[in-house]
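My entries follow the structure.

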Amino acid sequence: MSHSMFDLFKIGVGPSSSHTVGPMLASARFASALRENERLHNVENVRVELYGSLALTGKGHATDVACVMGLMGEWPDSINSDDIPTLAAMVKGSKELPLDGHRFIPFDWDTDLVFHFDQVLPEHPNGMTLTAFGENAEALLSRTYFSVGGGFVVEKGETDALASDFKPPFPFTSAVELLAHCEKEKKSIAQIMFVNELARAKHEDKHATIDTINQNIEAIWQVMLSCIERGIEQDGVLPGGLQLKRRAKNLHDRIVKKDTDGLPVDTNDWVNMYAMAVNEENAAGGRVVTAPTNGAAGVIPAVLAYYNKFVAPNNVEGIRTFLATAAAIGSLYKTNASISAAEVGCQGEIGVACSMAAAGLAAAMGATPEQIENAAEIGMEHNLGLTCDPINGLVQVPCIERNTMGAVKAINATRLALNGDGSHHVSLDSVIKTMHETGLDMMSKYKETSQGGLATNAIAINVVAC
């Protein structure tokens with residue numbers, strides 16, 4: 001299916017789209033279901049059970065906190081991230097939870113949140129079951145959800161988290177189909193996306209206009225910018241057991257000093273600083289945009305900030321073209337492979353973000369659809385096989401630095417593509433298929449599925465957790 005650009009770019013909180021945003025969304029949906037089924041006031045207790053990767057690396061990703069926030073009626077796109085520690089402390093201290101923000105029920109953080117470390121639900125590595133009980137421990141409602149990456153949530157029994165009766169004017173499930181639309185309609189990839197996006201908006205609200213879409217894009221860009229700005233203002237140590245120091249502020253100060261002193265500054269320093277700022281904010285539980293995931297949230301903002309500073313400052317149309325094109329490419333990965341590190345390793349996060357960013361930058365710089373497809377292909381081809389290996393289950397090492405590498409690699413992929421005519425030996429569709437097959441063949445210890453270090457994979461096995 002052709003996904004909306006606002007499915008690929010969602011405002012949320014850190015540190016993980018699949019382990020924080022998804023569980024919060026699922027829990028909020030569960031609380032809403034209780035209200036809509038008029039069972040909210042009969043609830044005496046709620047139990048949350050986490051399976052697979054959500055259990056094994058959940059505490060490092062604040063999955064437990066996210067579930068509680070969702071049960072309280074908070075949503076990832078609207079919660080104030082600064083309020084989360086206070087709200088969590090309130091529930092822990094009082095042992096009461098305001099279900100859906102209204103009904104106070106007993107809630108014991110240690111017993112009502114159950115981590116099934118040795119169980120994986122067959123449908124997906126990121127599974128969770130929520131059950132509401134009434135008097136005499138009667139089960140009033142029980143729902144099982146799967147956090148399938150990028151903040152997408154599927155309820156057990158659903159075929160797709162985004163299933164609807166909407167049919168876009170230009171449907172595409174492959175790069176070949178997308179390029180065919182461009183050729184036939186004499187439109188760019190971004191223009192194809194905008195036509196589909198407007199039709200989707202009108203399907204949901206007949207009064208929707210292109211201005212509505214543009215405003216939503218601007219909101220996404222502003223959150224990205226704000227995240228960079230916050231990231232270069234903060235210093236100190238990131239939460240978690242690694243005691244990892246923030247580096248973006250120091251890097252920013254060094255760049256500014258060099259610039260002030262008239263010394264040359266490499267553009268890569270700026271790109272590294274942008275990406276680092278975003279992912280340090282993400283690691284701290286700040287407000288970010290899943291792009292397409294939280295673990296890879298710094299790649300696209302860094303490349304877009306590079307475009308905004310060094311290529312075409314304040315080019316609103318260029319920013320729109322960038323994000324629309326990137327979303328089109330992201331849709332292909334979401335449809336034909338995965339953006340979940342628990343399924344396919346980090347190639348599904350940093351790799352996809354790099355591919356999306358390369359395509360977006362190429363489009364904003366005036367590339368042809370064929371050159372854009374080439375840039376996207378290059379961006380993924382050199383991330384194939386990338387494992388998911390966060391030490392201690394925290395989205396910090398090597399995740400933060402890995403975003404800088406993905407951003408720089410995306411810019412180089414664009415340069416390579418723009419120096420060609422769009423013709424190349426390996427198609428984007430082939431690379432996506434290969435990426436998916438590589439992920440399926442990847443042993444689970446190299447994915448975001450285990451507890452204890454770099455997802456108990458290659459790097460973590462050789463890192464002493466102090």
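The entries below take the sheet, then its helices, then the domain interface.

**Basis.** I worked from a predicted model, in which local features need pLDDT of at least 70, side-chain atom pairs count only at pLDDT 80 or more, and totals for chains, interfaces and linings use all residues. Residues are numbered from 1 along each chain as its sequence is written, and side-chain values use heavy atoms, with hydrogens and water left out.

I found an open, mixed sheet of 5 strands in the order 5-2-6-7-8. Strands (E, at least two residues) and helices (H or I, at least four) are DSSP runs numbered from the N terminus, and two strands pair if DSSP finds at least two bridges between them. Strand 5 (113–116) and strand 8 (152–155) each have a single partner strand, so one side of each lacks a neighbour in the sheet. I noted that strand 6 (residues 126–133) and strand 7 (residues 139–149) pair antiparallel over 7 bridges; T129 has T144 of strand 7 as its bridge partner.

**Helices.** Helix 2 (residues 17–36) lies across strands 2, 6, 7 and 8, at about 150° to strand 7. Axes are lines fitted to C-alpha atoms, for helices over the stretch in contact, with angles from 0 to 180 degrees between N-to-C directions; contact means heavy atoms within 4.5 Å.

**Domains.** An automatic or database assignment gives domain 1 (19–147) and domain 2 (175–446). I recorded 13 residues of domain 1 in contact with 10 of domain 2.
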